[in-house]
Amino acid sequence: MKTSREEWLKNTKNVTCYVQFHPLITRSIKALKFRQFDYLKCMNYKSQLARWFHKRIAERFTYAEIGRDYTIRASRVVQESCLVNASNTTDQRNAIVRALSELVDKGTLLRFDTHNQLGLKKQIQDVKYALWPSLAFCEEVKKANTRAKTQQQKVRESNKNILKTYPQI
């Protein structure tokens with residue numbers, strides 16, 4: 001039975017909602033294969049590229065601690081984010097630097113370093129960025145790691161219980 005938003009707002013306790021996700025998302029949710037990160041902080045960034053960086057390092061930089069960096073190349077950012085809309089490589093690098101500066105300003109990163117990779121005739125072929133996490137970001141990652149471990153233990157335990165109940169599976 002479908003109801004309108006107005007009807008739902010009048011009687012929120014007796015209404016059930018059904019949501020169907022894409023099968024890959026459903027599988028990830030069931031297997032608890034996702035990373036926790038500060039969504040509100042991520043959405044407070046002005047640039048979409050800064051949001052992409054925050055999600056990227058929250059997902060990939062699971063070993064974050066003070067004194068360890070995460071490195072990424074400008075060519076990979078341009079290719080994977082699809083958010084750097086400049087055809088000129090100088091403009092692309094400037095867009096990346098602006099996004100990383102926003103991460104520093106918001107307290108996600110302590111700093112970032114750039115290392116130019118030179119090719120023939122000392123032309124810049126690519127830029128490698130070293131991202132240094134802040135203490136707050138390191139604590140956020142540790143909480144996410146702890147939560148992921150406990151969730152994976154719960155999945156393993158529930159799978160064991162299923163196998164005990166249904167040994168033919």
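Trainee: Which residues in α4 meet which residues in α5?
Mentor: On the α4 side they are L49, W52, F53 and R56. On the α5 side they are R76, V77, E80 and S81. Contact here means heavy atoms within 4.5 Å.

Trainee: Before we go on, what sort of model is this?
Mentor: A predicted one: local features need pLDDT of at least 70, side-chain atom pairs count only at pLDDT 80 or more, and totals for chains, interfaces and linings use all residues. Residues are numbered from 1 along each chain as its sequence is written, and side-chain values use heavy atoms, leaving out hydrogens and water.

Trainee: And what counts as a helix or a strand?
Mentor: Both are DSSP runs, numbered from the N terminus: helices are H or I with at least four residues, strands are E with at least two.

Trainee: Back to α4 and α5. What angle do they pack at?
Mentor: About 105°, with the axes 12 Å apart. Here α5 is residues 74-81. Axes are lines fitted to C-alpha atoms, for helices over the stretch in contact, and angles run from 0 to 180 degrees between N-to-C directions.

Trainee: How are the two helices arranged, then?
Mentor: Roughly perpendicular to each other. That word covers 65 to 115 degrees; under 35 is roughly parallel, over 145 roughly antiparallel, and the rest oblique.

Trainee: What classes of residue make that contact?
Mentor: 4 nonpolar, 1 polar and 3 charged. Ala, Val, Leu, Ile, Met, Phe, Trp, Tyr, Cys and Pro count as nonpolar, Asp, Glu, Lys and Arg as charged, and the others, Gly among them, as polar.

Trainee: How do α4 and α6 cross?
Mentor: The axes of α4 (residues 48-60) and α6 (residues 89-105) come within 8 Å and cross at roughly 65°.

Trainee: Left-handed or right-handed?
Mentor: Right-handed. That is the case if the near helix is turned clockwise from the far one by less than a right angle; anticlockwise is left-handed.

Trainee: Which residues touch there?
Mentor: From α4, L49, A50, F53 and H54. From α6, A95, I96, A99, L100, E102 and L103. By class, that is 8 nonpolar, 1 polar and 1 charged.

Trainee: New topic. How many disulfides are there?
Mentor: The count is 0. A disulfide needs a pair of cysteine sulfur atoms within 2.5 Å. For C82, the nearest cysteine sulfur is that of C42, 17 Å away.

Trainee: Where is C82?
Mentor: In the loop between α5 and α6. C82 has a positive phi of about 55° although it is not a glycine. Most residues other than glycine have a negative phi.

Trainee: What about K121's phi?
Mentor: Positive too, about 60°, and K121 is not a glycine either. It lies in the loop between β2 (109-118) and β3 (124-133). K121 is exposed, at 78% relative accessible area.

Trainee: Last one. Where does R27 sit?
Mentor: In helix α2, residues 23-31. R27 is exposed, at 56%. R27 and Q152 are 125 residues apart in sequence and 14 Å apart in space, C-alpha to C-alpha.

Conventions: Buried < 20%, exposed > 50% of the residue type's maximum accessible area, 1.4 Å probe, protein only.
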